[in-house]
Amino acid sequence: MSDEESSQGDDAGGMFTDVTVGISDNVDNNDNNTAAGKSSSDAALLQELIARKKAKTSSSSSSKRTKRSSSSSSRTRPVVKLMVTSVSRSYSEPWRRKPQRESSGTGFLIQWEEDSNNQSIRIVTNAHVVRNATTVRARASFGPHVVSCEVEWLSLPLDLALLRITAGDWNDFCKGWSFDDLLKKSDDTTTNGNDNVVSETAAVKEGANMNGNNNNATKLLLLQEELPKLDENVSCVGFPTGGQQISVTRGVVSRIDVDSQYVLRIQIDAAINPGNSGGPVFDEKGQVVGIASSHLRGAGNIGYIIPSKIVSNFLQMCRDNDEVKVEDRFSGLGALVVQEECLEQTKHVPGIPNLAILGAQTLESKALRRNLGLEELDIIGGVRIVGSLKNNLSSQDNCSGDTLEGDDVLLSISGIPIGMDGTIQLSQSRPDERINFRSLVTCQRVGSKVKLDVLRKKERKELEVPLEMNRFLVAQYDDFDAIPLYAVVGGCVFTPLSLPLVSEKKSNKGSSFSRYYRDQRNGNEQMIVLSKVLNDEVNVGYHGWKNLILKSINGYEPINIQQLVDVLVRKLEGEMIEFRCQVVGEKDADYVICMSQQEVIRSENRVLQRHMIASWCSMEAISKELREELEAKESSEAKRKNAYHTMAAMRNITNG
């Protein structure tokens with residue numbers, strides 16, 4: 001019943017009561033029956049009104065439930081389950097690949113600029129969900145619709161990926177997800193042109209569906225770049241383990257902090273389990289405030305999400321086609337790697353920017369502040385720069401701009417003051433929340449410039465510093481700056497040190513190499529290590545040796561794996577091969593591996609066949625110069641390819 005009808009019912013009851021009272025004043029005792037009738041009628045009317053009120057309340061509640069259900073459906077409909085098949089590289093045995101692995105994750109649909117295939121939709125997810133993927137399939141949350149996807153962009157340092165639907169499945173995608181308008185425009189593009197398609201589909205940016213009045217049409221999701229507040233309710237949507245259908249968990253924002261790379265992250269207490277990775281996290285308004293990324297093992301309900309601010313920055317780099325330079329790929333040897341097929345179609349955005357400093361020291365010590373001249377200038381904040389990365393690769397580029405120096409006191413970044421404890425205000429509207437000052441840098445793009453207020457030798461200066469990408473001596477990410485490279489000599493396996501290699505050791509103890517993880521490399525410098533020894537008669541006395549840093553070979557000090565191979569093939573003289581190695585932290589102590597060259601050559605095929613190793617070194621470990629020399633001295637391509645399998649064959653060609 002409507003409100004208006006309910007109001008009319010109340011007035012009728014009041015009129016009835018007034019009339020009966022007036023009559024009772026002019027009658028005798030016989031009117032007792034009339035009074036009794038009045039009371040009975042009043043009770044009946046009251047019951048009727050109560051019933052009407054209940055019906056109205058029930059209808060209103062049902063309407064609210066329907067509205068909530070519709071809102072929930074609009075949030076979950078753009079969410080997809082990603083079914084991934086991947087084949088990863090092995091770093092402990094770099095001549096092989098690991099067995100095929102199947103996994104699942106979550107992604108969601110976003111608006112995108114129309115490409116040459118007339119596609120204007122992409123899928124956002126975590127990079128670790130689709131890394132090393134051979135196939136990626138996306139399944140709808142609302143039906144049996146499945147399409148194939150390709151990884152278009154990756155950012156392994158930010159753990160973000162952008163997928164596109166394969167051209168062959170685009171029509172099936174539009175039909176399955178009720179994007180009929182897109183399908184129609186895709187067919188009409190040849191006559192109408194691309195401009196019409198872009199303008200008519202732009203409404204999706206405002207959250208509108210692409211199918212007019214079709215209630216089943218999918219609404220694409222919007223990113224809310226403003227950080228959520230502490231204790232704000234959030235919902236995590238995805239496909240975690242424990243079931244096949246979509247799952248929604250709720251919680252609150254527990255903390256806003258930075259990760260080990262000083263990149264913003266949000267901690268929530270909503271459950272994030274395997275399979276949730278890449279799924280959207282909504283605020284109370286239905287806007288995406290972040291992407292589910294990871295959870296803390298051994299702790300209850302501590303999950304981490306990547307803020308939408310970081311996601312938007314990644315997407316903008318993809319739109320601008322901001323691809324990482326080739327020299328920053330493959331352990332710093334990208335520019336020297338001859339095999340162009342190693343550069344797959346997936347593009348990588350640059351890594352996390354930095355200020356090209358070795359570190360920063362807090363200034364809570366009054367004596368240190370007085371020594372730096374802060375107290376006499378009445379400066380209460382700032383951090384001391386402990387050292388500068390002047391000799392790294394980025395400083396050799398033709399980049400204009402200032403640089404920070406050791407003993408500089410960094411007072412502010414882009415006008416935002418830094419506290420003596422190295423923290424800044426989270427925002428002007430949230431002055432009571434503080435966060436590490438480097439989060440101001442890591443949320444920027446590589447190549448941009450920031451204005452710094454610096455105290456240098458007790459004089460204030462304003463600097464404009466370009467933000468450079470980290471170029472770590474120890475490669476951090478498989479398929480970004482790390483690739484399995486190796487050389488096997490007399491059963492000794494040498495390879496560049498990388499975090500993927502360390503992680504495969506599966507040791508519960510902290511790695512002794514951890515002291516090198518933050519070091520920046522010079523040019524194409526690598527840290528070559530003896531990974532293991534493949535036991536054979538030729539290397540008796542060195543069985544079990546591993547995790548040693550290579551210092552020299554017969555007096556030569558190779559700075560990367562290509563120089564090591566070059567020395568072994570072209571420069572070795574004498575009867576012996578002598579490797580001098582060091583234990584981490586013992587620079588003055590050399591451990592020597594000495595083997596006869598002739599015995600190494602004779603044992604080569606035996607060692608390789610016993611361990612099913614196709615070639616004595618990885619093809620990427622052969623320098624461009626060495627390969628050109630082999631091509632010049634051996635015209636037969638078949639003989640040349642066969643020579644790559646053994647060190648002896650390569651030496652025969654170069655020495656012949």
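## Basis of the description

Because the model is predicted, local features are given only where pLDDT is at least 70 and side-chain atom pairs count only at pLDDT 80 or more, whereas totals for chains, interfaces and linings use all residues. Residues are numbered from 1 along each chain as its sequence is written, and side-chain values use heavy atoms, with hydrogens and water left out.

Strands here are DSSP runs of E with at least two residues, numbered from the N terminus.

Two strands pair if DSSP finds at least two bridges between them. Strand E2 (residues 101-111) runs antiparallel to E3 and is joined to it by 4 bridges, with Ile 123 in E3 as the bridge partner of Leu 109. E3 is also joined to strand E6 (residues 160-165) by 3 bridges, again in an antiparallel arrangement, and here Val 124 stands opposite Leu 162 in E6.

## Cysteines

With a disulfide taken as a pair of cysteine sulfur atoms within 2.5 Å, the count comes to 0 disulfides. The closest cysteine sulfur to that of Cys 581 belongs to Cys 492 and lies 7.9 Å away, which is too far for a bond.

Cys 581 counts as buried, at 0% relative accessibility, and Cys 617 is buried with a relative accessible area of 1%.

Definitions and conventions: Buried < 20%, exposed > 50% of the residue type's maximum accessible area, 1.4 Å probe, protein only.
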